[in-house]
Amino acid sequence: MDRGSGTGCAVTLSGVPEMLLWNLYQRAGEAGRSRPVLHDPKAVELVEELDYPFERNFGRPVDLVAQGHALRVRTFDDAVRDFLAAHPYGTVVQLAEGLETQFWRCDNGRAQWLGVELPETAELRWSLLPDGDRRRTIACSALDLSWCDEVDRSRGVLITAQGLLMYLHPFQVRDLIAGCAQAFPGGSLVFDTVPRWFSNRTLTGAVRNKRGFTAPPMPWGINRSELSRVRTAHPAVTTVRQLLPPAGRGVYHGAVAPALSRIGIRNALVLVTAVANFAE
(Lines give C-alpha, C1' and ligand atoms only; values in the text may rest on other atoms or scores of the structure.)
Protein backbone atom coordinates (compact mmCIF):
# COMPACT_ATOMS: atom_id res chain seq x y z
CA MET A 1 0.00 0.00 0.00
CA ASP A 2 1.58 3.29 -1.07
CA ARG A 3 -0.71 5.41 1.06
CA GLY A 4 -3.37 5.04 3.65
CA SER A 5 -6.92 5.91 2.78
CA GLY A 6 -6.32 9.53 3.67
CA THR A 7 -9.39 9.61 5.92
CA GLY A 8 -7.13 10.61 8.80
CA CYS A 9 -4.48 13.33 8.77
CA ALA A 10 -1.65 13.96 6.34
CA VAL A 11 1.76 13.42 7.91
CA THR A 12 4.88 15.46 7.20
CA LEU A 13 7.71 14.32 9.45
CA SER A 14 11.42 14.06 8.78
CA GLY A 15 14.57 12.96 10.57
CA VAL A 16 14.19 11.02 13.80
CA PRO A 17 10.43 11.72 14.17
CA GLU A 18 9.81 10.08 10.77
CA MET A 19 11.13 6.81 12.20
CA LEU A 20 7.89 6.44 14.13
CA LEU A 21 6.20 5.85 10.77
CA TRP A 22 8.80 3.24 9.79
CA ASN A 23 8.22 1.48 13.11
CA LEU A 24 4.45 1.58 12.65
CA TYR A 25 4.73 0.26 9.09
CA GLN A 26 6.87 -2.70 10.13
CA ARG A 27 4.48 -3.65 12.94
CA ALA A 28 1.50 -3.38 10.64
CA GLY A 29 3.28 -5.40 7.95
CA GLU A 30 3.91 -8.25 10.38
CA ALA A 31 0.47 -7.99 11.99
CA GLY A 32 -1.15 -8.33 8.56
CA ARG A 33 0.34 -11.77 7.97
CA SER A 34 -1.76 -14.91 8.38
CA ARG A 35 0.36 -16.13 11.31
CA PRO A 36 1.98 -13.03 12.80
CA VAL A 37 4.41 -13.07 15.70
CA LEU A 38 2.75 -9.84 16.90
CA HIS A 39 -0.99 -9.22 16.93
CA ASP A 40 -1.41 -5.49 16.42
CA PRO A 41 -4.67 -4.64 14.64
CA LYS A 42 -4.42 -1.04 15.84
CA ALA A 43 -1.20 -0.60 13.86
CA VAL A 44 -2.88 -1.96 10.71
CA GLU A 45 -5.75 0.47 11.26
CA LEU A 46 -3.40 3.44 11.60
CA VAL A 47 -1.44 2.62 8.43
CA GLU A 48 -4.69 2.39 6.49
CA GLU A 49 -5.87 5.71 7.90
CA LEU A 50 -2.75 7.84 7.50
CA ASP A 51 -2.09 9.89 4.38
CA TYR A 52 1.59 9.03 4.01
CA PRO A 53 3.53 7.28 1.20
CA PHE A 54 4.71 4.31 3.25
CA GLU A 55 5.65 2.04 0.35
CA ARG A 56 7.23 4.81 -1.71
CA ASN A 57 9.51 5.78 1.18
CA PHE A 58 10.13 2.44 2.88
CA GLY A 59 9.38 -0.18 0.24
CA ARG A 60 7.19 -3.18 0.96
CA PRO A 61 7.78 -4.70 4.41
CA VAL A 62 10.47 -7.39 4.19
CA ASP A 63 9.62 -10.43 6.30
CA LEU A 64 13.06 -10.69 7.90
CA VAL A 65 13.02 -7.02 8.96
CA ALA A 66 9.34 -6.69 9.89
CA GLN A 67 9.37 -9.91 11.88
CA GLY A 68 12.58 -8.90 13.65
CA HIS A 69 11.08 -5.54 14.57
CA ALA A 70 7.89 -7.22 15.83
CA LEU A 71 9.90 -9.62 17.99
CA ARG A 72 11.74 -6.69 19.53
CA VAL A 73 8.38 -5.07 20.25
CA ARG A 74 7.20 -8.29 21.86
CA THR A 75 10.25 -8.19 24.14
CA PHE A 76 9.07 -4.81 25.40
CA ASP A 77 5.49 -6.10 25.65
CA ASP A 78 6.63 -9.03 27.78
CA ALA A 79 8.46 -6.68 30.14
CA VAL A 80 5.36 -4.50 30.46
CA ARG A 81 3.12 -7.49 31.13
CA ASP A 82 5.52 -8.80 33.78
CA PHE A 83 5.49 -5.38 35.45
CA LEU A 84 1.69 -5.17 35.39
CA ALA A 85 1.39 -8.67 36.81
CA ALA A 86 3.44 -7.51 39.82
CA HIS A 87 2.02 -3.95 39.95
CA PRO A 88 -1.50 -4.07 38.49
CA TYR A 89 -2.20 -0.43 39.43
CA GLY A 90 1.28 0.82 38.50
CA THR A 91 2.29 3.42 35.93
CA VAL A 92 3.88 2.70 32.56
CA VAL A 93 5.80 5.68 31.20
CA GLN A 94 6.59 5.50 27.49
CA LEU A 95 9.32 7.87 26.35
CA ALA A 96 9.07 8.87 22.68
CA GLU A 97 6.58 6.12 21.89
CA GLY A 98 5.49 7.76 18.63
CA LEU A 99 2.57 5.76 17.26
CA GLU A 100 3.30 2.73 19.40
CA THR A 101 0.08 0.85 20.25
CA GLN A 102 1.34 -1.07 23.26
CA PHE A 103 -1.55 0.13 25.41
CA TRP A 104 -4.02 -1.77 23.21
CA ARG A 105 -1.89 -4.92 23.35
CA CYS A 106 -0.90 -4.95 27.03
CA ASP A 107 -3.29 -2.88 29.14
CA ASN A 108 -4.81 -4.67 32.13
CA GLY A 109 -7.71 -2.28 32.67
CA ARG A 110 -6.24 -0.81 35.88
CA ALA A 111 -2.79 0.67 35.17
CA GLN A 112 -1.93 4.27 34.34
CA TRP A 113 -0.10 5.06 31.08
CA LEU A 114 1.85 8.23 30.37
CA GLY A 115 3.46 9.05 27.02
CA VAL A 116 6.20 11.68 26.71
CA GLU A 117 6.48 13.11 23.20
CA LEU A 118 8.06 16.02 21.40
CA PRO A 119 5.36 18.59 20.52
CA GLU A 120 5.11 17.67 16.82
CA THR A 121 4.71 13.95 17.51
CA ALA A 122 2.42 14.62 20.48
CA GLU A 123 0.08 16.52 18.15
CA LEU A 124 0.03 13.58 15.73
CA ARG A 125 -0.62 11.11 18.51
CA TRP A 126 -3.44 13.19 20.00
CA SER A 127 -5.10 13.41 16.59
CA LEU A 128 -4.96 9.65 15.99
CA LEU A 129 -4.95 8.18 19.49
CA PRO A 130 -6.72 10.67 21.79
CA ASP A 131 -6.06 10.50 25.51
CA GLY A 132 -8.29 8.28 27.65
CA ASP A 133 -9.15 7.98 31.33
CA ARG A 134 -5.96 6.09 32.18
CA ARG A 135 -3.78 6.96 29.20
CA ARG A 136 -2.45 10.38 28.30
CA THR A 137 0.35 12.00 26.35
CA ILE A 138 2.26 15.11 27.36
CA ALA A 139 4.25 17.31 24.97
CA CYS A 140 7.71 17.37 26.45
CA SER A 141 11.19 16.21 25.52
CA ALA A 142 12.21 13.06 27.34
CA LEU A 143 15.37 14.97 28.27
CA ASP A 144 13.31 17.61 30.09
CA LEU A 145 12.86 15.71 33.33
CA SER A 146 9.93 17.87 34.37
CA TRP A 147 7.77 15.00 33.06
CA CYS A 148 8.81 13.04 36.16
CA ASP A 149 6.48 15.26 38.20
CA GLU A 150 3.53 13.92 36.19
CA VAL A 151 4.11 10.32 37.31
CA ASP A 152 2.35 8.61 40.22
CA ARG A 153 5.18 6.82 42.03
CA SER A 154 3.03 5.19 44.69
CA ARG A 155 2.17 1.92 42.94
CA GLY A 156 5.29 1.14 40.95
CA VAL A 157 6.79 2.66 37.80
CA LEU A 158 8.12 1.10 34.62
CA ILE A 159 9.70 3.36 32.00
CA THR A 160 10.15 2.24 28.41
CA ALA A 161 12.49 3.86 25.89
CA GLN A 162 11.87 1.91 22.71
CA GLY A 163 13.86 3.21 19.76
CA LEU A 164 15.00 6.33 21.60
CA LEU A 165 18.36 6.17 23.33
CA MET A 166 20.41 5.43 20.21
CA TYR A 167 19.34 8.80 18.76
CA LEU A 168 20.76 10.67 21.75
CA HIS A 169 24.33 11.67 22.50
CA PRO A 170 26.13 9.60 25.15
CA PHE A 171 25.99 12.37 27.78
CA GLN A 172 22.24 12.74 27.16
CA VAL A 173 21.71 9.00 27.64
CA ARG A 174 23.67 9.12 30.87
CA ASP A 175 21.73 12.12 32.18
CA LEU A 176 18.37 10.57 31.27
CA ILE A 177 19.13 7.25 32.96
CA ALA A 178 20.51 9.06 36.02
CA GLY A 179 17.41 11.24 36.21
CA CYS A 180 15.10 8.23 36.04
CA ALA A 181 17.08 6.32 38.66
CA GLN A 182 16.94 9.28 41.04
CA ALA A 183 13.26 10.08 40.43
CA PHE A 184 11.85 6.56 40.62
CA PRO A 185 13.32 4.45 43.45
CA GLY A 186 12.41 0.82 42.92
CA GLY A 187 11.47 1.46 39.30
CA SER A 188 12.91 0.06 36.08
CA LEU A 189 13.83 1.27 32.61
CA VAL A 190 13.48 -0.99 29.57
CA PHE A 191 15.50 0.24 26.60
CA ASP A 192 17.14 -0.95 23.40
CA THR A 193 20.59 -0.36 21.99
CA VAL A 194 22.59 -0.65 18.80
CA PRO A 195 26.23 -1.85 18.74
CA ARG A 196 29.05 0.57 18.04
CA TRP A 197 29.65 -0.68 14.50
CA PHE A 198 26.04 0.04 13.52
CA SER A 199 26.06 3.43 15.24
CA ASN A 200 29.17 4.35 13.22
CA ARG A 201 27.49 3.34 9.96
CA THR A 202 24.51 5.59 10.64
CA LEU A 203 26.83 8.52 11.31
CA THR A 204 28.17 8.25 7.75
CA GLY A 205 24.72 7.89 6.16
CA ALA A 206 25.49 4.32 5.08
CA VAL A 207 22.26 2.80 6.44
CA ARG A 208 19.68 3.33 3.72
CA ASN A 209 17.13 1.32 1.79
CA LYS A 210 16.69 0.91 -1.96
CA ARG A 211 14.18 3.75 -2.02
CA GLY A 212 16.80 6.15 -0.71
CA PHE A 213 15.39 6.45 2.80
CA THR A 214 18.36 6.99 5.11
CA ALA A 215 18.28 6.08 8.78
CA PRO A 216 18.93 9.12 10.99
CA PRO A 217 22.26 9.26 12.83
CA MET A 218 22.45 7.17 15.98
CA PRO A 219 25.21 8.73 18.11
CA TRP A 220 24.87 6.34 21.05
CA GLY A 221 26.11 2.84 20.36
CA ILE A 222 27.07 0.34 23.02
CA ASN A 223 28.20 -3.24 22.57
CA ARG A 224 26.38 -5.94 24.45
CA SER A 225 29.53 -6.74 26.40
CA GLU A 226 29.44 -3.17 27.70
CA LEU A 227 25.89 -3.15 29.05
CA SER A 228 27.11 -3.24 32.63
CA ARG A 229 28.60 0.22 32.07
CA VAL A 230 25.06 1.62 32.16
CA ARG A 231 25.25 1.14 35.93
CA THR A 232 27.79 3.95 36.13
CA ALA A 233 25.12 6.49 35.16
CA HIS A 234 23.92 6.72 38.78
CA PRO A 235 24.58 4.87 42.06
CA ALA A 236 20.89 3.88 42.21
CA VAL A 237 21.19 1.76 39.05
CA THR A 238 21.59 -1.64 40.68
CA THR A 239 21.44 -4.11 37.78
CA VAL A 240 21.42 -4.05 33.99
CA ARG A 241 20.65 -7.17 32.02
CA GLN A 242 19.72 -8.18 28.51
CA LEU A 243 16.17 -9.26 27.75
CA LEU A 244 16.05 -12.16 25.31
CA PRO A 245 13.50 -11.86 22.50
CA PRO A 246 11.06 -14.71 21.79
CA ALA A 247 11.75 -17.07 18.90
CA GLY A 248 9.97 -16.36 15.65
CA ARG A 249 9.30 -18.03 12.28
CA GLY A 250 11.83 -19.50 9.93
CA VAL A 251 15.48 -20.44 10.28
CA TYR A 252 16.86 -17.02 11.16
CA HIS A 253 14.30 -15.77 13.69
CA GLY A 254 13.46 -19.28 14.86
CA ALA A 255 17.01 -20.51 15.49
CA VAL A 256 19.88 -18.23 14.43
CA ALA A 257 18.78 -14.98 16.13
CA PRO A 258 17.90 -16.69 19.45
CA ALA A 259 21.33 -18.34 19.44
CA LEU A 260 23.06 -15.02 18.72
CA SER A 261 21.05 -13.44 21.55
CA ARG A 262 22.41 -16.01 23.97
CA ILE A 263 26.05 -16.24 22.90
CA GLY A 264 26.66 -12.77 21.46
CA ILE A 265 29.10 -13.40 18.61
CA ARG A 266 30.87 -10.10 17.78
CA ASN A 267 27.76 -8.04 18.58
CA ALA A 268 26.13 -9.47 15.48
CA LEU A 269 22.62 -8.37 16.43
CA VAL A 270 21.72 -4.84 15.36
CA LEU A 271 19.32 -4.32 18.28
CA VAL A 272 19.54 -5.56 21.86
CA THR A 273 16.88 -4.93 24.53
CA ALA A 274 17.84 -4.53 28.16
CA VAL A 275 16.39 -3.53 31.54
CA ALA A 276 18.00 -1.33 34.19
CA ASN A 277 16.64 -1.65 37.73
CA PHE A 278 16.77 1.12 40.33
CA ALA A 279 17.35 0.77 44.08
CA GLU A 280 14.47 1.41 46.49
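Glu30 sits in helix α1, which spans residues 19–31. With a relative accessible area of 1%, this glutamate is buried. Keep in mind that the model is a predicted one.

**Around Glu30**
- Leaving aside residues up to four places away in sequence, Glu30 touches Arg35, Pro36, Val37, Leu38, Asp63, Ala66, Gln67, Ala70 and Arg249.
- Since buried means under 20% relative accessible area, the 1% of Glu30 puts this residue in that class.

**Nonpolar cores**
- The largest nonpolar core has 37 residues, and the members that touch the most others are Leu95, Trp147, Ile159, Leu165, Phe184 and Phe191.
- Seven names to look for in the viewer: β1 (91–95), β2 (112–117), β4 (157–161), α7 (170–183), β5 (188–193), β6 (237–243) and β7 (272–278) each give two or more residues to this core.
- Helix α7 supplies the largest share of this core, with 6 residues.
- Ile159 is worth a click: beyond residues up to four places away in sequence, Ile159 touches Val93, Leu95, Trp147, Cys180, Phe184, Ser188, Leu189, Val190 and Phe278.
- There's also a second, separate core of 27 residues, and its members include Leu13, Leu124, Leu129 and Tyr167.

**Strands around β2**
- β2 is mostly covered, with 5 of its 6 residues buried.
- On one pairing, β2 runs parallel to β1 over 5 bridges, and Gln112 in β2 is the bridge partner of Thr91.
- β2 also pairs in the parallel sense with β3 (residues 135–139), again over 5 bridges.
- In that β3 pairing, Ala139 stands opposite Glu117.

**Helix α8**
- Helix α8 covers residues 196–203, and its buried residues are Phe198, Ser199 and Thr202.
- These three lie on the same side of α8, because they cover an arc of only 105° around the axis.
- After α8 comes Gly205, which has a positive phi, near 75°.

**Cysteines**
- A disulfide is a covalent bond between the sulfur atoms of two cysteines.
- The count of disulfides here comes to 0.
- Cys106 is in no disulfide, and the nearest cysteine sulfur, that of Cys180, is 20 Å away.

How values were computed. Residues are numbered from 1 along each chain as its sequence is written. This is a predicted model: local features need pLDDT of at least 70, side-chain atom pairs count only at pLDDT 80 or more; totals for chains, interfaces and linings use all residues. Side-chain values use heavy atoms; hydrogens and water are left out. A nonpolar core is a set of buried Ala, Val, Leu, Ile, Met, Phe, Trp, Tyr and Cys residues joined through side-chain atoms within 4.5 Å. Buried means under 20% relative accessible area, exposed over 50%, partly exposed in between (1.4 Å probe, protein chains only). Helices (H or I, at least four residues) and strands (E, at least two) are DSSP runs, numbered from the N terminus. Contact means heavy atoms within 4.5 Å. A disulfide is a pair of cysteine sulfur atoms within 2.5 Å. The arc is that of the directions from the helix axis to the C-beta atoms. Two strands pair if DSSP finds at least two bridges between them.
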